[in-house]
Amino acid sequence: MVRLLILSVAMPLAFAARMAAATDAPNRYQLNAGVDLSYVATSGYDSWTQGFVGKLLYDGNTDGVKISQAFIDASFQLTDTLKAHAVIDAYDDDLGAIAGFTQAYVEWRPVPRSKNRYRLKVGAFYPHLSLENVSPGWDSPYTINYSAINTWVAEELRTVGAELSVSRRPEMFGGTQTFSLQGAVFVGNDPTGSLLAWKGWSAHNRQTRFGDKLPLPPLPVLEPGELLDEQNPYVQPFREIDGRAGYYVGGEWQLNQQLLIRAMHYDNRADPTAFEDGQYAWNTKFNHVAAQIALPGEWSLLFQWMTGSTVMGQVVDGAHIVDTEFDSKYLMLTRTFDRHRVSLRNDKFEMTQNDDTEDDNNPENGYVWTLAYFYDWSDKLSFGAESMVIKTHRCGWEYYDIDETRREKQLQLSVRLRFGR
Amino acid sequence: MATRIIGLLLSLSIATLAFGHDVDVVVVDKGGHPVADVAVYALRLNGKNESPAPTAVATMDQVDRQFVPHLLIVQTGTPVEFPNSDTVAHHVYSFSHPNKFMLPMYKGKQYPPVIFQHSGVVSLGCNIHDHMLGYILVVDSADFTMTDENGHAILSLNNPAEYAVKIWSPRIRDKEKFLTRSLASTTRQDAEVVFSLAKRLNPTHDQQAGGASWSDY
């Protein structure tokens, strides 16, 4: 099913490549590319990307100068109302191939015949959730590394399916208000929740590509001979395990460029007892609300709150084998002045546990403070500096004889190149 | 030289005759503040459009993913061109009956002007950029203008008493009947018409506010 969907996207993309030779092609394609060169200095545990528990993307072993982000974001109008869109991200790490697709979909945008606008997306794409990730390549204009919520979205959430959105044209309300509703049905995303439960919340900007294998921490419960030893030491969050479709429904209201409110209910409807190829299905559900408010001057306030649960395995003594509830929220203040942008974000995150499964202690709580500054030298070149502190208390860290409370820090200096047409 | 001056004076007085008298239209909001960019036009009370047919081409540009101007007023039958001054393609359309039209996927000046044959409000959109919104007000009259930043507009009418003055803006929420003023009882040649709006105005469209981005990429 997933392959079929990817094929359904790949074929229009191939068609798009052929069409690119057509005479009006320059009007029809849009290409954005970005490369970030960063100097990173961290203090914290070895990174989860190295198969340990550190919440950052980097650790003392990988500090230094690196290409911290590279993407190509391309779209092509197949017809006047049909657009193919693909995003390729490249990472120099051990989690997958050097380059892969983070999104690939076709969007049908029929010309409105009334005050209702319909948009249909088919393929692989992010659910309409983040307020931060609004730049090409699903990148953030505010900070280098994303909030805990959107970091998890980047790690484990992707819609492989169809999303229909209906919005009212704004002249209904004197051009001041826009309403929209979205609903989606998707396959895949069954192991989603594995990384969140077992590793916990993080803060970084790595977006999982199709085909990536995200390492899990060396939890005792996953070791040979233990309860969940059939689980691979990695998770492939976009896989379909149980053949059941998931859904989400959401809505948005925007008042001019003053206020935006967004809400979503998500349920992957996974069968928590299903298992295939070393991957368990996790039933992951959440509610999400977000608000963006323009303040006097060039200030804006962004807020996102996600609260939900992820469960896996049979029910034993009233709880699934892994039965966790998660919650995170952030508040970000951002301001532009001329070519400068400053953003300050505070994340709070929490995970609680309803099960008593031994050797699988997953509760945690903590916060992240992120202070970021960007200077736009030109349209193509900008400089960024970001300081981040993540404080976590996680009892499960006792398994590794490390402090259960840890403050991890990261300083990142970036040169960002952006090309677009 | 003297003949020229006499000729000039003569043509000026003819012009005065032809353009008639100034009607000063003022639009103020609930708080008495002037309202700019309001379309102001005069319709004949007898319902006939005796204006000469329009010949000049009007322009609704697209700059920085916005329609410029946000509101354009034209006479019925006016050709309007929609040049795209952005580097990205636009797909301009309107579903406003009976002035529906569509200009798919273009940059620069790719299409001939669109001729609006019916009076009414034509609301414009771009099918690529959903936040883009613009208006063309098509009126059965050549006597139209827009209020300036002081909320003032001058209409030059031959015989003001034969007209009604109307105003329109997407920001105005007052009922249409309060936006029409007959000049039939005008005794003075030059008239002043003040529209004091009772309802609060809608904010201006796409007023950039705050330091955050308001549209998904």
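A nonpolar core is a set of buried Ala, Val, Leu, Ile, Met, Phe, Trp, Tyr and Cys residues joined through C-beta atoms within 7 Å. A residue is buried if 20 or more other C-beta atoms, placed from the backbone, lie within 10 Å of its own, exposed if 12 or fewer, and partly exposed in between. This is a predicted model, where local features need pLDDT of at least 70, side-chain atom pairs count only at pLDDT 80 or more, and totals for chains, interfaces and linings use all residues. Residues are numbered from 1 along each chain as its sequence is written, with chains lettered from A and ligands numbered from 1 in the order in which they are written.

Let's begin with the cores. The largest nonpolar core has 68 residues, of which Ala124(A), Ala148(A) and Val153(A) touch the most other members. A second, separate core of 44 residues includes Leu157(B), Tyr163(B), Ala191(B) and Val193(B).

Next comes the meeting of the chains. Counting two residues as in contact if their C-beta atoms, placed from the backbone, lie within 7 Å, 33 residues of chain B are in contact with 37 residues of chain A. Strands here are DSSP runs (E, at least two residues), numbered from the N terminus. Strands S8 (90–94), S9 (101–106) and S11 (120–126) of chain B each give two or more residues to the side that touches chain A, and S9(B) gives the most, with four residues.

Six residues from domain 1 of chain B and five residues from domain 2 of chain B make the contact.

The table sorts two contact sides by class: Ala, Val, Leu, Ile, Met, Phe, Trp, Tyr, Cys and Pro count as nonpolar, Asp, Glu, Lys and Arg as charged, and the others, Gly among them, as polar.

| Contact side | Residues by class |
|---|---|
| Chain B, touching chain A | 15 nonpolar, 12 polar, six charged residues |
| Domain 1 of chain B, touching domain 2 of chain B | four nonpolar, one polar, one charged residue |

Finally, a sheet in chain B. Two strands pair if DSSP finds at least two bridges between them. The order S14-S1-S17 (chain B) describes an open sheet of three strands with mixed pairing. Strands S14 (152–157) and S17 (191–196) of chain B stand at the edges with a single partner strand each, so one side of each is left without a neighbour in the sheet. From one strand to the next, the twist averages 20 degrees. S1 (residues 21–28) of chain B and S17(B) run parallel, joined by six bridges. Val23(B) has Ala191(B) as its bridge partner in S17(B), and Ala191(B) is also included in the second core.

Definitions and conventions
Axes fitted to C-alpha atoms, helices over the stretch in contact; angles between N-to-C directions.
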